[in-house]
Amino acid sequence: MHSLNADLHCHSTASDGSLTPGELASRAREGGVRLWSLTDHDELVAQHEARAAAESLGLAYVSGVEVSVTFIGETVHILGFGFDPDDEAFAAGLAALRAGRADRAREMGESLAAAGIPGAYEGALALAPNPDLVSRTHFARFLVENGHCANVHEVFTRFLKEGKPGFVPHRWASLGEAVRWITGAGGVAAIAHPARYRFSPNEEFALFSEFQGHGGRAVEVTCGSHFPDEVKRYAETALEFGLMASRGSDFHAPGESRTPLGTLPDLPPGVTPLWTVWADTLEGRRSPRPGEPGALAAATAAA
Ligand code: AMP
Ligand code: MN
Ligand code: MN
Ligand code: MN
């Protein structure tokens, strides 16, 4: 169970990834993944397609999402797993959250134009699934395609991080809303890539304790954007708070993402893997509830 090759974080063309759910499912399978989740930003529309693609390949699937949250002025991402993807309150909450993206993108376009880069809003929009899902990633790809920067990472450093000319502050969901949407739909919430936030130790303690107070139960310990010392540190944090540990590549696009699906190291020893909450279904002892992995005995057989 501890060494199950679970990859519970990636993005498709339904948010800011460049591959379809079907293409991702194939790559997950080829990368040796045994339990997979597609976690598009603020969007559930691809969940049924992802599950069908996974199950047609004999790959166990758990529903997923990555919700954008503002916590004490900083953007934090909260992952949700194993929820009912047809839950109406969850869908309505996410739709309201997405609605803010179009205006923000227009402002980003204006601010990039003032910095000497015209046409970025239209360019980003053409690369996004719809105006409510335009992300900084789409802007970054437009700037690379038009020769303003050599790669997406350089665009973020020069234009899209806080304090840079294309950055527009935005208010996302509250921490409590995000956790309640996920748990209200029968799912489990996890703090994504905790090492990426710029919190003081006190602020980080507040994030973890408030998250837990709202009913959050896990933290992403092993992930594509964590260095080995950060993996170790958040394994300790998980134990300290009694949170389960998750593992995910955060794969977005070939050539852009450093971590292909299924290639992360195992979780560090001692932590409780998030997927133990699905142990009964993984071991075929009862039938899955909506959103839970379906064809699962095979997933743990080799783990
Ligand atoms: P948004 O939700 O529109 O603010 O966009 C956030 C997305 O930008 C994240 O989900 C990442 O995919 C991407 N991102 C953030 N920081 C970086 C970075 N330094 N390099 C590459 N991509 C980044
Ligand atoms: Mn992203
Ligand atoms: Mn994220
Ligand atoms: Mn992500």
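Isoleucine 78 touches residues well away from it in sequence. Leaving aside neighbours within four places, its contacts (heavy atoms within 4.5 Å) include Val65, Glu66, Val67, Leu175, Ile182, Ile191 and Phe211. Ile78 is also, with Leu35 and Trp275, among the residues with the most contacts inside the largest nonpolar core, which has 55 residues. A nonpolar core is a set of buried Ala, Val, Leu, Ile, Met, Phe, Trp, Tyr and Cys residues joined through side-chain atoms within 4.5 Å. Buried means under 20% relative accessible area, exposed over 50%, and partly exposed in between, with a 1.4 Å probe and protein chains only. Apart from this core lies another, of 20 residues, including Val134, Phe139, Val155 and Leu160.

This is a predicted model, in which local features need pLDDT of at least 70 and side-chain atom pairs count only at pLDDT 80 or more, while totals for chains, interfaces and linings use all residues. Residues are numbered from 1 along each chain as its sequence is written, chains are lettered from A and ligands numbered from 1 in the order in which they are written, and side-chain values use heavy atoms, with hydrogens and water left out.

**The manganese sites**

The table lists the protein donors of each ion. Donors are N, O and S atoms within 2.8 Å of the metal (3.2 Å for Na, K and Ca); water is not among the atoms, so sites may look incomplete.

| Ion | Protein donors | Distance |
|---|---|---|
| Manganese ion (ligand 2) | Asp16 (OD), His41 (NE2), His252 (NE2) | 2.2 Å |
| Manganese ion (ligand 3) | Glu66 (OE), His77 (ND1), His193 (NE2) | 2.1 to 2.2 Å |
| Manganese ion (ligand 4) | His9 (NE2), His11 (NE2), Glu66 (OE), Asp250 (OD) | 2.1 to 2.2 Å |

Glu66 coordinates the manganese ion (ligand 3) and also the manganese ion (ligand 4). The manganese ion (ligand 2) is 5.6 Å from the manganese ion (ligand 3) and 4.6 Å from the manganese ion (ligand 4).

His77 lies in strand β5 (residues 74–81) and His193 in the loop between β6 (188–191) and α8 (201–213), so the pair ties together parts 116 residues apart in sequence. Helices (H or I, at least four residues) and strands (E, at least two) are DSSP runs, numbered from the N terminus. His77 counts as buried at 16% relative accessibility. His193 is buried too, at 9%.

For the manganese ion (ligand 4), the spacing is H-x1-H-x54-E-x183-D. Here His9, in the loop between β1 (6–7) and α1 (21–30), pairs with Asp250, in the loop between β8 (244–248) and α10 (279–282), 241 residues apart. His9 is buried at 0%, and Asp250 is buried at 18%.

For the manganese ion (ligand 2), the pattern is D-x24-H-x210-H. Asp16 sits in the loop between β1 and α1 and His252 in the loop between β8 and α10, so they tie together parts 236 residues apart in sequence. Both Asp16 and His252 are buried.

**Ligand 1**

Ligand 1 is surrounded by 13 residues (a heavy atom within 4 Å). The closest are His41, Arg101, Arg104, Arg136 and His252. An oxygen atom of ligand 1 lies 2.7 Å from a side-chain N or O atom of Arg104. For Arg136, the corresponding distance is 2.8 Å. A polar side-chain atom of Asp16 lies 3.1 Å from an oxygen atom of ligand 1. The protein covers 77% of the 500 Å² of accessible area (Shrake-Rupley method, 1.4 Å probe) that ligand 1 has on its own.

Notes
A polar contact is a pair of N or O atoms within 3.5 Å; within protein, one must be able to donate a hydrogen and the other to accept it, and residues adjacent in sequence count only if both atoms are side-chain atoms.
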